Amino acid sequence: MKVSRRGVFQGGVLAASGAVMGDPLQAWAQLEGSPRIQTGGAHPVRSIQDTETPAQNNERMKWFREARFGMFIHWGLYAIPAGRWNGQLVPGIGEWIMNAASIPVAEYKALAPKFNPTRFSAAQIVGLAKSAGMKYIVITSKHHDGFAMFDSKADPFNIVQATPFKRDPLKELADECGNQGIKLGFYYSQDQDWTAPGGAALTHGLQTLKIEEHKPPTYHWDRAQDGSFPEYLHKKAIPQIREILANFGEFPAILWFDTPTKDMTPELAGEIVAILNEHPKLIWNNRLGGSYSGDTETPEQYIPPRGFPGRDWESCMTMNDTWGYKQDDTNFKSTETLLRNLIDIASKGGNYLLNIGPMATGEVPSPEVERLQEMGKWLAVNGEAIYATQPTLFGGEAGAFSTVEKDKSGNPKFVPSWKWRSTTAPDKIYIHLFEWPGTMFHLDKIPRTVTGAHLLADKAKTPLKITKQGAGLDVELPAQAPDQIATVLVMTTG
Ligand code: GLC
């Protein structure tokens, strides 16, 4: 049984993340086949990545590398229109509705008085992440629409000052994460801001209803958006970055930047880096811009064929086709696909940041709750084979690059195989069986001495018969797969 390709990405990545137009050189989301986000070059301000020793880096990144599985939360005013504007379905990802429907600033800001998510419960959301087996949460503190989901003194367009809700969900989540032992991180759209004068704007091209109104070089569609980018940065973004780094106790553990643009020069980025350097435990991604590579690669809506050897990385993905809530988007991936993605990612040494999009009421859509709880059941039994493990010692099991077919960028196409994956511990090799091989699992070559084997779900650890075959071995298995999604075979090694 082969996992459907849909599970990994939607009929071509562009569907979920939107085609890019404007400055093609300025890659702004790490999509499959897109040019790498420009990093390297001189750093006006040296970042922690430039100054720390490998030992210090290992210490700082330890919890992240062991976590493997996190919750991404896209939540904000865009949950109110939920993909429709003036009764019209708006194409593309939900959190981009202001841009895709060319909504004027004043009209979009008028959503704030209608935002009153009284059914929001930090305890429930953190509890859901925990029951799913997730170790950290990254929530949108401010997305491209410029609305802050926290109490900001720097700008009144925020959930405490501009809505009847008047509560600070980031504060409530920070307290709850502290209580439940979950790490909390913040997504912050440092470049794009469609409601602040001078904020940057990109475009999703064909997914924009009135693209002709989005004129280069700013791609603004309302004169109220015009202004100086450095001024926007100094008046709003940098003060807010200071606020989210200072006002939430031990959090954030992660800062998740997004869509760097050409406006973010190394000098301007350096000003932000100087603030980040004041938080030596902080982990931040590769999307700040201005030539800074940060700590993590962030492949979006896809899983890199071989991971990113030598780099920490995190594949972020939607459960359906949108990050922000859209009422008409019911194209949810199956739990089987989501779990096999997690296992595939862990086998390549990465993390899985899986998204939820709460509704305007504050509740999490039930298809997302169901899938997370089912993933949690599997991890409750098999978590040992995911958390704090190392990548596979094999590699070929994930698939191979075609010698004939080319991908969109003209490179050899990667053809994945979905029979099994492997993760590693100092004294164990875990084989995650997706396709049950029958009563015998065979390995041609094994790079360690195997001393025993059992199924992870078998609490009695009933020994399985192993037979050495030259450099490889055979492991005897029960006729039926104990778990249809993935059964973990543990091989103890000496
Ligand atoms: C893209 C989208 C943004 C989304 C992000 C998640 O950059 O523009 O809306 O939040 O991907 O990775």
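Analyst: Contact here means heavy atoms within 4.5 Å. Helices (H or I, at least four residues) and strands (E, at least two) are DSSP runs, numbered from the N terminus. Buried means under 20% relative accessible area, exposed means over 50%, and partly exposed lies in between (1.4 Å probe, protein chains only). This is a predicted model, in which local features need pLDDT of at least 70 and side-chain atom pairs count only at pLDDT 80 or more, while totals for chains, interfaces and linings use all residues. Residues are numbered from 1 along each chain as its sequence is written, and side-chain values use heavy atoms, with hydrogens and water left out.

The buried residues of helix H9 pack against helix H8 (229-246), strand S6 (254-257) and strand S7. Helix H9 covers residues 266-276, and its buried members are Leu268, Ala269, Gly270, Ile272, Val273, Ile275 and Leu276. Ala274 is also found in helix H9, but Ala274 counts as partly exposed because its relative accessibility is 34%. Between Ala274 and Lys171 there are 103 residues in sequence and 25 Å in space, C-alpha to C-alpha.

Asn285 lies in the loop that runs between strand S7 (283-284) and strand S8 (296-297). With a relative accessibility of 1%, Asn285 counts as buried. Neighbours within four places in sequence set aside, Asn285 contacts Leu255, Trp256, Phe257, Ser293, Gly294, Asp295, Thr296 and Thr298. Its side chain also reaches the backbone nitrogen of Arg287 at 3.1 Å. Such a polar contact is a pair of N or O atoms within 3.5 Å; within protein, one must be able to donate a hydrogen and the other to accept it, and residues adjacent in sequence count only if both atoms are side-chain atoms.

Thr298, one of the contacts of Asn285, belongs to the loop between strand S8 and strand S9 (312-317). Thr298 has 0% relative accessibility and therefore counts as buried. Its side chain makes a polar contact of 2.8 Å with the side chain of Asn286. The side chain of Arg287 is likewise joined to that of Thr298 by a polar contact, at 2.8 Å. Residues up to four places away in sequence not counted, Thr298 touches Gln30, Trp256, Asn285, Asn286, Arg287, Glu314 and Cys316. Thr298 and Ser315 stand 17 residues apart in sequence, with 5.7 Å between their C-alpha atoms.

The loop between strands S8 and S9 also holds Gln301. Gln301 has a positive phi of about 65° although it is not a glycine. Most residues other than glycine have a negative phi, and most peptide bonds are trans. Gln301 is buried, because its relative accessible area is 4%. A positive phi, of about 50°, is also found at Lys461, again not a glycine. Lys461 sits in the loop between strand S16 (450-455) and strand S17 (466-469).

The bond from Phe251 to Pro252 is cis, with omega near 5°, and Pro252 is in the loop between helix H8 and strand S6. The bond from Pro216 to Pro217 is cis as well, with omega near 0°; Pro217 is in the loop between strand S5 and helix H8. Thr208 is found in the loop between strand S5 (183-188) and helix H8. At 6% relative accessibility, Thr208 counts as buried. Apart from neighbours within four places in sequence, Thr208 is in contact with Asn99, Ala100, Ser102, Thr203 and His214.

As for the whole, the protein chain has eleven helices and 19 strands. Its radius of gyration is 23 Å, close to the 23 Å that the globule rule gives for 494 residues, so the chain is as compact as a globular protein of that length. That radius is taken over C-alpha atoms, and the rule is 2.2 Å times the number of residues to the power 0.38. The C-alpha trace spans about 75 × 45 × 45 Å along its principal axes. Of the 494 residues, 58% are buried. Among contacts between residues at least 6 apart in sequence, 72% join residues at least 24 apart.
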